[in-house]
Amino acid sequence: MSTEVLPDDRALRLGRRQRALAQMAAHDLDVLVLGRQANVRYVTGAPQLWVAGTRPFGPTCVLVRDSGAIHLLSTWDEGVPDDIPHENLYGISWNPANTISALRRIDGAASARRVGTDAMSPVFAQLLPTAFPNAELVDGELAMRAARRIKTDEEVDALREAITVAEKGLAVAVSELRPGVGEQTLAGVLLEAVAAGGVSTPSNQDVAWVTSRDYPWRRASADGRVQAGDLVAFSAGVLAGGYIGEVGRTWPVGGTAHAELYRRWDRLWAGLLAACRPDAPASALLAAYGAAGEPPPPLPVARGLGMGFDPPVISPELPQTAADERLESGMVLAVTGYVWEPGIGAVFGREAVLITDNEPEVLTSSPFWRA
């Protein structure tokens with residue numbers, strides 16, 4: 001397997017960059033300073049070092065609207081696209097004053113009127129104004145959210161590839177499902193399978209769980225051992241090529257089909273899919289649960305898929321946001337369906353849906369109970 005780090009495909013990164021520049025113009029930003037890793041890769045096309053956990057804000061990438069020039073925090077050229085010249089790279093420094101000096105030398109920094117930043121820290125709140133002495137610092141994350149909410153054709157292709165990896169890993173894990181196996185074993189099998197397929201970064205590690213027969217949205221027991229008659233939920237997610245692919249499925253153990261519960265899921269799913277229309281209110285996805293006679297889950301019913309946790313986020317906890325948000329053609333949503341029956345357990349499914357001007361397109365393969 002090659003260990004060479006390659007930049008994102010040219011058409012993919014240029015399409016994203018044009019969307020970012022268009023949103024800079026719409027938000028009247030002369031310069032955009034980015035520190036969030038997904039935003040940095042979206043604009044630059046350069047793969048970023050993945051770490052488990054959070055990292056403090058730092059000005060990792062600077063995009064200048066007038067020239068389209070990109071300046072990137074990097075100590076080497078590997079993985080950096082050829083349209084970002086070597087002289088536009090500035091090195092890592094433990095002294096933030098050195099980083100600010102590098103930003104100050106960027107063409108357009110001195111004359112910028114409005115500079116957007118996608119995050120901030122107390123230190124850089126004091127230092128960034130010295131790099132852009134004539135500028136007003138404003139929220140640049142709004143422009144990036146607007147750019148990332150609608151996917152280019154190349155982004156949809158990248159999401160398809162990530163979803164395929166997740167589905168293959170899920171299939172391997174399901175092949176190991178039998179009475180006595182542990183949830184952690186199933187998770188390890190899935191993670192090993194996607195790593196063998198070339199993707200070592202999961203989007204989550206909560207992979208498999210026995211659904212509770214006593215309470216909705218809970219695990220069955222503390223030991224996590226599968227028993228005959230259980231309904232076992234799988235949530236496979238990977239970060240492949242910078243894009244998150246996710247799929248959720250539920251399998252019965254020991255041949256018990258629970259056909260009526262699966263039919264309830266189908267009825268709910270029909271309503272959720274019908275709600276995925278351009279210009280429809282996002283609240284229609286929440287209403288689909290009520291129309292099917294199912295209580296909404298205590299987590300987002302749908303959220304944007306892309307290079308991270310993309311907008312929109314549609315949750316019962318944010319009813320006003322769901323009412324105000326309108327779905328748009330080009331959005332890709334991870335839509336969650338969940339039904340539960342006391343004494344039996346739950347059927348959980350998560351599908352990736354592309355909203356189009358015509359019928360919505362489901363990017364995940366059909367669940368086994370619908371095949």
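Please keep in mind that the model is predicted.

Let us start with helix α1, which runs over residues 10–26 and so covers 17 residues. From its first C-alpha to its last, α1 reaches 24 Å, close to the 24 Å expected at 1.5 Å a residue.

Which residues of α1 are buried? They are L12, R13, R16, R17, A20, L21, Q23 and M24. Looking down the axis of α1, you would find these buried residues within an arc of 160 degrees, so they line one face of the helix. In general, an α-helix has 3.6 residues a turn, so residues three or four places apart point the same way. Turned away from the buried side of α1 is a face with the exposed residues Q18 and A26.

Both ends of α1 deserve a look. Just after α1 comes D28, which takes a positive phi of about 55 degrees.

Now for the second largest pocket, which has a volume of about 850 Å³. It is lined by 28 residues, and the closest to its centre are Q37, R55, T60, L73 and I92. Among the contributors to this lining are β3 (70–73) and α3 (96–104), each supplying at least two residues. The table shows how the lining divides by residue type.

| Type of lining residue | Number in the second largest pocket |
|---|---|
| Nonpolar | 15 residues |
| Polar | 11 residues |

How values were computed:
Residues are numbered from 1 along each chain as its sequence is written. This is a predicted model: local features need pLDDT of at least 70, side-chain atom pairs count only at pLDDT 80 or more; totals for chains, interfaces and linings use all residues. Side-chain values use heavy atoms; hydrogens and water are left out. Helices (H or I, at least four residues) and strands (E, at least two) are DSSP runs, numbered from the N terminus. Buried means under 20% relative accessible area, exposed over 50%, partly exposed in between (1.4 Å probe, protein chains only). The arc is that of the directions from the helix axis to the C-beta atoms. On a 1 Å grid over the protein atoms alone, a cavity is a set of points where a 1.4 Å probe fits but cannot get out, and a pocket is an open set with protein on both sides within 12 Å along at least five of seven lines; lining residues have an atom within 4 Å of a point. Grid points are joined across faces, edges and corners, and a volume is the space filled by probe spheres set on the points. Ala, Val, Leu, Ile, Met, Phe, Trp, Tyr, Cys and Pro count as nonpolar, Asp, Glu, Lys and Arg as charged, and the others, Gly among them, as polar.
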